[in-house]
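The sequence and the coordinates are shown first.

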Amino acid sequence: MTAETITADASGTWKLGDLPVHRIGFGAMRLTGSAAFHHGTPSDRERSLAVLRRAVELGVNHIDTAAFYFSSLRSANELINSALSPYPDDLVVVTKVGPHRDHQGEWGTAARPDQLRGHVEENLRQLGRDHLDVVNFRRQRQDSIAEHFGALAELRTAGLIRHLGVSAVEPRHLAEALEIAPVVCVQNRYAVDRPDPVGDEVLRLCGEHGIAFVPFYAVAGDAGELGATAAHDEAVLSVARAHGVGAAQVRIAWTLHQGPHMLAIPGTGNPAHLVENVAAGAIELTGEELARLDAARTQTG
């Protein structure tokens with residue numbers, strides 16, 4: 001078996017509410033340029049479209065996006081719409097609302113609860129959909145998310161949204177949301193080289209409630225929106241050598257090994273990297289390898 005023949009179903013399956021998805025998905029942030037947002041140079045449109053179509057060919061049925069994923073020339077939502085519409089019946093497109101960028105790419109103030117409908121409708125327009133499969137509310141330093149999440153719950157009742165999630169939250173925010181409406185996923189920053197006791201607790205709570213945990217920047221690490229990190233500790237590199245794979249693939253594999261409810265959404269605009277990312281879903285780490293990676297993560301802190 002080679003990387004080119006491994007498909008996303010090798011990673012297993014989880015349900016976002018009633019929507020089954022393979023645990024290896026695809027993050028659309030890097031489709032728009034060499035780095036996210038206004039960083040880097042805009043992507044080649046045809047290459048980005050080809051990456052999306054190839055992802056679906058490889059069995060990816062979970063794409064993560066947002067209306068604020070755009071560069072000076074490219075919009076992730078527009079690329080998804082152009083490449084994949086009419087959408088496959090089993091494709092789940094997850095978006096997020098809360099943050100906002102103006103047409104020049106500058107970040108605006110966090111949305112008020114009454115502005116979230118506009119965010120949802122903009123995603124609907126860009127994606128060419130009559131409803132959104134899953135919408136995450138991305139917290140931006142709000143002490144309470146009750147009003148914002150409640151506004152999205154109303155849009156869910158109205159039929160514009162099928163399922164809800166939250167992002168960048170602590171345990172108390174997840175508890176707030178669960179009092180208002182079902183939560184199918186949590187998107188927090190989480191990575192093998194990023195010690196995070198709060199994130200560990202959120203991950204544990206998600207497991208207890210049957211909620212998917214979907215980390216962002218799991219491959220990028222400290223590089224964040226600038227792209228995949230080149231700084232890998234020796235534990236990651238040694239495991240990569242043992243399996244004959246790249247360090248990024250080990251980071252993805254470690255992510256998936258954190259629990260059956262853990263999903264991965266590595267993003268790329270590179271067709272070869274896409275194949276490697278999907279193939280990472282078939283990597284089986286030993287108990288000793290996981291212990292070594294966990295120990296290095298603790299020591300990093």
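## Fold and dimensions

In this predicted model, the secondary structure of the protein amounts to 10 helices and 9 strands. The radius of gyration is 18 Å, close to the 19 Å that the globule rule gives for 301 residues, so the protein is as compact as a globular protein of that length.

Among contacts with a separation of 6 or more, 74% are between residues 24 or more positions apart.

## Surface and charge

The accessible surface of the protein is about 12700 Å², and carbon and sulfur atoms account for 51% of that area. The protein carries 27 positive and 37 negative charges, whose mean positions lie 3 Å apart.

Of the 301 residues in the protein, 55% are buried. In soluble globular proteins, nonpolar side chains tend to be buried together.

The largest nonpolar core here comprises 83 residues, and those with the most contacts inside it are Leu52, Val120, Leu152, Val166, Val186 and Leu293. Helix α8, covering residues 247–256, gives the most to this core, with 6 residues. Another core lies apart from it and has 12 residues, among them Val94, Ala212, Val214 and Leu263.

## Surroundings of Val186

When neighbours within four places in sequence are left aside, Val186 is in contact with Val166, Val169, Leu174, Val202, Cys206, Ile211, Ala212, Phe213 and Val214. Val166 and Val186 are both listed among the residues with the most contacts inside the largest core, whereas Ala212 and Val214 belong to the core of 12 residues.

Definitions and conventions
Residues are numbered from 1 along each chain as its sequence is written. This is a predicted model: local features need pLDDT of at least 70, side-chain atom pairs count only at pLDDT 80 or more; totals for chains, interfaces and linings use all residues. Side-chain values use heavy atoms; hydrogens and water are left out. A nonpolar core is a set of buried Ala, Val, Leu, Ile, Met, Phe, Trp, Tyr and Cys residues joined through side-chain atoms within 4.5 Å. Buried means under 20% relative accessible area, exposed over 50%, partly exposed in between (1.4 Å probe, protein chains only). Helices (H or I, at least four residues) and strands (E, at least two) are DSSP runs, numbered from the N terminus. Contact means heavy atoms within 4.5 Å. The radius of gyration is taken over C-alpha atoms; the globule rule is 2.2 Å times the number of residues to the power 0.38. Accessible areas come from the Shrake-Rupley method with a 1.4 Å probe; for residues, only the protein chains shown count as cover. Lys and Arg count as positive and Asp and Glu as negative; His and the chain ends are not counted. The place of a charge is taken as NZ of Lys, CZ of Arg, CG of Asp or CD of Glu.
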